[in-house]
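The structure is shown first, and the entries follow.

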Amino acid sequence: MLPTVVVGGYLGAGKTTLVNRVLRGAGGRRIAVVVNDFGEIGIDADLIESRDGDVLNLAGGCVCCAVGSDLVAGLMALPERIAPPDVVLIETSGVALPGAVARAVRLVPGLDADGIVVVADAETIRTRADDPWVGDTVRQQLAEADLLVLNKTDLIGAQALGALHAWLADVAPRAVRIDAVDADVPPDAVLGAAAAAQPPLPPLSAGRAMRSGVLRPALGLFESRSIVLDGALDPQALARALADPALGLVRAKGVVRDGDGVPWVVQAVGLRVRVTPAPPGTPAADPAASARLVLIGLRGTLDAGMIEARLGLHGAAAPDRS
Amino acid sequence: MSQSAGRTVVYAARRIHTMDPSRPQGTHVAVRDGRVLGVGTLETLRGWGDFEIDDRFAAKVLLPGFVEGHSHVGEGTYWRYVYCGYFDRTDPDGRVWPGARSIEAVVARLREAHETLVDPKAPLFGWGLDPLFFGARRMTRHDLDAVSPERPIGVLHASGHITNASTAALALAGYLRTDHDHPGIPLDDARLPMGELRGPEAMMPVLFRLGVDRAAMSGDEAGLRAFAKLAVRTGTTTATDLATPIPDDAIESLLRVTGEDGFPLRFVPAMHVRGHTPQGAVERALGLKARSTDRLRLGRIKAHADGSIQGFTARMRWPGYHNGAPQGLWYIEPETLRALFALGLEHGIQIHTHTNGDAAIDLAIESLETALRAHPSPDHRFVLQHCQLADSAQLRRMKALGLCANFFANHHFYWGDAHHDQTVGPDRAERMNPCRSAQDIGVPYTIHSDAPVTPLGPLHVAWCAVNRRTASGRLLGAHERIPVADALRAITLGAAWTLHLDGEIGSIECGKRADFAVLEDDPFEVAPEALKDVGVWGTVHGGRIFAAGAA
């Protein structure tokens, strides 16, 4: 299943800036940006390598194309237009409800909605949310976010920012919130661990139940950890454990085996966690593969010890792989 | 078929209604070079010099050719699929398909088509279904499985917003699973889809697998020709396609088909703004406008402000929907609509805005008010399409701003009962599509079919506006009824006005195009209840004669 991330938010919030950021940080991942908007393809000119009909070929094997009013038809026709990417990023129109877009994505064979990222303009979001025309639309967008990128925080003071977070905790209760300037958010937070370009894990040594390590210390505000899980785990219990805001997780994805050795895919975006059977024939279902979890969280908040404790994996060494 | 240049033909008719108040009636009309020289009696026309008299319409009644201000070419293309509607409907070749009045009748109709197909797995597609008229029972996938368990079958509803699918069709689209979590996919006791797919998103993967090409459905050459045949059958000489993407590669084909000697229609496609920035859309419309011909009028833009009332996606003001559904959706950002209006006014490109709900109408009114301050344009004639829930205060503002309305009069007949009972409740259902109020207030207006949502047929639309009867026979909103003469004006000059074409068409008048609807009876004389039953012989288009039977 091709992971598909929905990027929503009202006009001017910074969706296109965010998309350009992610493209610049693609790191070898082939991203297909699908624009479902009023024609404005805002890809930075220096990222565009060539144009193939109405498909833009971008640096690093990424592509960008527009789909018309019929999003699902556009997504279904995608394989005829472009080579299979690693991840799809849908940039919606300013009035689209990203939850509805994510539900639509799940109807398209081969695609799986992997998170709703909503971008909000820190300076104007409160006004937008009270707008007589679009206020309810904007509030619903916020309420549907898994990941809320609070953009342009440099335009407001610390006190206003604090008040804004308090308000958002109420309006967007299921979202993990990230402050940003110029939509500067690590691509992994947007794209998720699913499509992360992972360095190879060290070989398993006998007797070790679990290893974890910092994979990307250079993520700025974020850090990423990989935990190898050898033993049997209850995937539902793991999911419940991950859905705790105290962990500071932005995203998590992994494969675990239950008591019968059956592999399950566990995915978390913000506070939403899904457990699905590992599709047969994929690497995740390979019995020889090691089960592991990749976690992305806010630096300083993502506490390996706490996570290990929550997962019931005590006392294991955590070699630094930076 | 075509007239030689300079030759004058005088057509004698039982009666000619001109829609020109200074010469409202005549018995003869003189035509030269595809235009009207004059109308009156044979005596009043003699001064134009030598002429040939043509008596073929001596027993007929001529009206200005009807103008359909909101239709889609899909009315022509849908006929390549199986008609499953509740009401009798005439196909482009004149065959009347009886209405399928029960689920069993729909299944029987599909089975007939199924038996003509050789490949047992070839998909089968029907359209026009309206289970509202079947009572409480809903059609399920098992009903369609009765046609054939192995053939993938889909049936699109008349509204265009729902599709019923068979089990094989659901399986083909990967829908036969128990983990659906989509409001548009109702489940049965086995947690499998029950067979109804609601909303374009839920429908699309199934339509796609059935090989129903929505782009082709919205118009290809064969579809345009079939559409034009239906136009002749209904007395229509000018019709819109509202809207279409008009891709670059379609323009040559549009120019070729409409330019053929035997093409009987003035075709007015509006380009949809979707996929363009407002700036890009207006620039493209300007480029298209320059390529217009007599029979292909390009350079108009369509935008959607909201969705549909029966789909509960029309954007509503307080108190919203009668059944408590949320207040609907926006299909465009207010900023984008304002920018589009401003650029349209600045460059003289007309914008048609789909507005069903009263909040969407408010947005369009306010957006235009702002845009007009920056770009005063006394004769812009922007049109609010459907405009179904406008109240009188909104109509007064529309009048002040020069906004036209194109009301969806057919809605009363087809969905009036649903509007009364479910969607908006009795108060607003009675004043929906307020033709009489618009006329009293002075808002230029026309009325439309939105074909293929309801059948192309201006006389039927006029009948709806005159009688305001629902399918159950209920009189819905007596006050908003209009007299026959006004309804006939709405489907001729009224529609021509909303397209900036009233100087060329819409009345039978010296200098105008010789576009006539040739009728078997006089619509001014028949009982208003019988207006829809007036027979149509065919049309005259730019002086060329098209008999419905020969089309």
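Entry 1: domains of chain A. I began with the term itself: domain bounds here come from an automatic or database domain assignment. On that basis I recorded chain A as divided into domain 1, residues 2-191, and domain 2, residues 210-310. I noted at once that the model is predicted, and I kept that in mind for every entry below.

I then looked up how the two domains of chain A are placed. Their C-alpha centres lie 24 Å apart. For the contact between them, I found 10 residues of domain 1 of chain A touching 12 residues of domain 2 of chain A. On the domain 1 side, β7 (111-121) and α8 (187-191) of chain A each supply at least two residues. By class, I listed that side of domain 1 as five nonpolar, one polar and four charged residues.

Entry 2: confidence in chain A. I took the mean pLDDT of chain A as 82, with 85% of its residues at 70 or more.

Entry 3: domains of chain B. I recorded domain 1 of chain B as residues 82-211 and domain 2 of chain B as residues 216-541. The C-alpha centres of these two domains lie 29 Å apart. I counted 10 residues of domain 1 of chain B in contact with 11 residues of domain 2 of chain B. The domain 1 side of this contact consists of four nonpolar, five polar and one charged residue.

Entry 4: contact of chain A with chain B. How many residues does each chain give to the contact? I noted 23 residues from chain A and 23 residues from chain B. On the chain A side, the elements that give two or more residues are α2 (71-76) and α4 (98-105). The largest share of that side, four residues, comes from α2(A). By class, the chain A side divides into 14 nonpolar, six polar and three charged residues.

Entry 5: packing of α12(B) with α13(B). I looked up helix α12 (residues 358-374) and helix α13 (residues 392-401) of chain B, whose axes come within 11 Å and cross at roughly 25 degrees. Angles under 35 degrees count as roughly parallel, and α12(B) and α13(B) are therefore roughly parallel to each other. The crossing of α12(B) past α13(B) is left-handed. From α12(B) I listed B:D358, B:I361, B:D362, B:I365, B:L368, B:E369 and B:L372, which meet B:Q394, B:R397, B:M398 and B:L401 of α13(B). I classed the residues of this contact as six nonpolar, one polar and four charged.

Entry 6: packing of α17(B) with α18(B). I found α17(B) packed against helix α18 (residues 484-498) of chain B at an angle of about 140 degrees, with the axes 9 Å apart. That angle makes α17(B) oblique to α18(B). Is the crossing left-handed or right-handed? I recorded that α17(B) passes α18(B) in a right-handed crossing. In α17(B), B:P458, B:V461, B:A462, B:A465 and B:V466 take part, and they meet B:V484, B:A487, B:L488, B:A490 and B:I491 in α18(B). I classed this contact as 10 nonpolar residues, with no polar and no charged ones.

Entry 7: backbone geometry. Most residues other than glycine have a negative phi, and most peptide bonds are trans. I therefore listed the exceptions that I had looked up.

- A cis peptide bond joins B:L242 and B:A243, with omega about 10 degrees; B:A243 is in strand β14 (residues 236-244) of chain B.
- A cis peptide bond joins B:A451 and B:P452, again with omega about 10 degrees; B:P452 is in the loop between β20 (445-447) and α17 (458-467) of chain B.
- A:D182, a residue other than glycine, has a positive phi, near 55 degrees; A:D182 is in the loop between β9 (176-179) and α8 of chain A.

Conventions:
Residues numbered from 1 in each chain as written. Chains lettered and ligands numbered in written order. Predicted model: local features only at pLDDT ≥ 70, side-chain atom pairs only at ≥ 80, totals over all residues. pLDDT = per-residue confidence, 0-100. Contact = placed C-beta atoms within 7 Å. Nonpolar A, V, L, I, M, F, W, Y, C, P; charged D, E, K, R; others polar. Axes fitted to C-alpha atoms, helices over the stretch in contact; angles between N-to-C directions. Parallel < 35°, antiparallel > 145°, perpendicular 65-115°, else oblique. Left-handed = near helix turned anticlockwise from the far one by under 90°.
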